[in-house]
Amino acid sequence: MRRLFLVTAAASLAAIGVASSQDATMSFFVTSVGSGKGADLGGLAGADAHCASLAEAAGVTGKTWRAYLSTSDTDARDRIGKGPWFNTKGVKIADDVASLHSDANAITKQTALNEKGEVVNGRGDKPNRHDVLTGSKPDGTKIADQTCGDWTLSGAEGAAMTGHHDRTGLDDSAAAKSWNSSHASRGGCSQEALRSTGGDGLFYCFAVN
């Protein structure tokens, strides 16, 4: 009986170890590139497909990816699963949706890596790429008229709320340090407009499973 217990316990520990290893695979990243068309991402479907394509190219398969983007009828926080989420280095970003949208999250310039495990340029780097598209308020809910036509516009019209993945801005305000709700784009939704304020049409991707 004792031998059976020890064998069972060992098997259970091994299973837990495997599960932990699987759970720590990449489930969060900042896109290394955008669509190339400013905030026109092909809507949510196009943005999700972009996340999946980048993840698969980086060798992460078997996951369902969602872009952290709000639209006129969708809140970003409701799209990304329950967590926890880890970056490509295995660093935990947040345990769940509530902690992600609180001071408990671990998003910094050093942890908000792209799918290749690279640090994304932030304030002080050339070019600065820290404006990440979200269309969201700090709590992850939508902001009316700041989603660039629900991610279909790439011209002089519209605006997109962006966050700072490096948690750094012009001052020490909460907005300047917000990863998901710092300021709206200026001059429209084109690639040039996004770059003019320190962006490049990048966005966050989360695995829902």
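Mentor: The account below begins with the disulfides and then turns to aromatic rings and backbone geometry.

The model is predicted, and local features therefore need pLDDT of at least 70, side-chain atom pairs count only at pLDDT 80 or more, and totals for chains, interfaces and linings use all residues. Residues are numbered from 1 along each chain as its sequence is written, and side-chain values use heavy atoms, with hydrogens and water left out.

A disulfide is taken here as a pair of cysteine sulfur atoms within 2.5 Å. The torsion about the S-S bond is -80°, and the link of cysteine 51 and cysteine 205 is left-handed. Because cysteine 51 belongs to helix α2 (residues 43-57) and cysteine 205 to strand β8 (residues 199-207), this pair ties together parts that are 154 residues apart in sequence. Helices (H or I, at least four residues) and strands (E, at least two) are DSSP runs, numbered from the N terminus. Cysteine 51 is buried, its relative accessible area being 0%, and cysteine 205 is likewise buried at 0% relative accessibility. In these terms, buried means under 20% relative accessible area, exposed over 50%, and partly exposed in between (1.4 Å probe, protein chains only).

The sulfur atoms of cysteine 148 and cysteine 189 are 2.0 Å apart and form a disulfide. Since the torsion about the S-S bond of cysteine 148 and cysteine 189 is about -95°, this disulfide is left-handed. Cysteine 148 lies in helix α4 (residues 148-151), while cysteine 189 lies in the loop between β7 (183-184) and α5 (191-196), so the link ties together parts that are 41 residues apart in sequence. Cysteine 148 and cysteine 189 are both buried. When the bonded cysteines of the protein chain are numbered in sequence order, the pairing reads 1-4, 2-3.

Rings of Phe, Tyr and Trp (its six-membered ring) pair if their centres lie within 6.5 Å; planes under 30 degrees apart count as stacked, over 60 as edge-to-face and the rest as tilted. By this rule there are eight aromatic pairs. The ring centres of phenylalanine 28 and tyrosine 204 are 6.0 Å apart with planes at 25°, so this pair is stacked. Phenylalanine 28 is buried at 0% relative accessibility, and tyrosine 204 is buried at 0% as well. One aromatic cluster is formed by Phe28, Tyr68, Trp85, Trp179, Tyr204 and Phe206.

The backbone remains to be considered. Most residues other than glycine have a negative phi, and most peptide bonds are trans. The peptide bond from glycine 83 to proline 84 is cis, with omega near 0°, and proline 84 sits in the loop between β2 (65-67) and β3 (85-86). Lysine 126 and proline 127 are also joined by a cis peptide bond, with omega about -5°; proline 127 is in the loop between α3 (97-100) and β5 (131-133). Aspartate 145, not a glycine, has a positive phi of about 65°. Aspartate 145 is located in the loop between β5 and α4 and is exposed, at 73% relative accessible area. Aspartate 150 has a positive phi near 55°; aspartate 150 lies in helix α4 and is partly exposed, at 23%.
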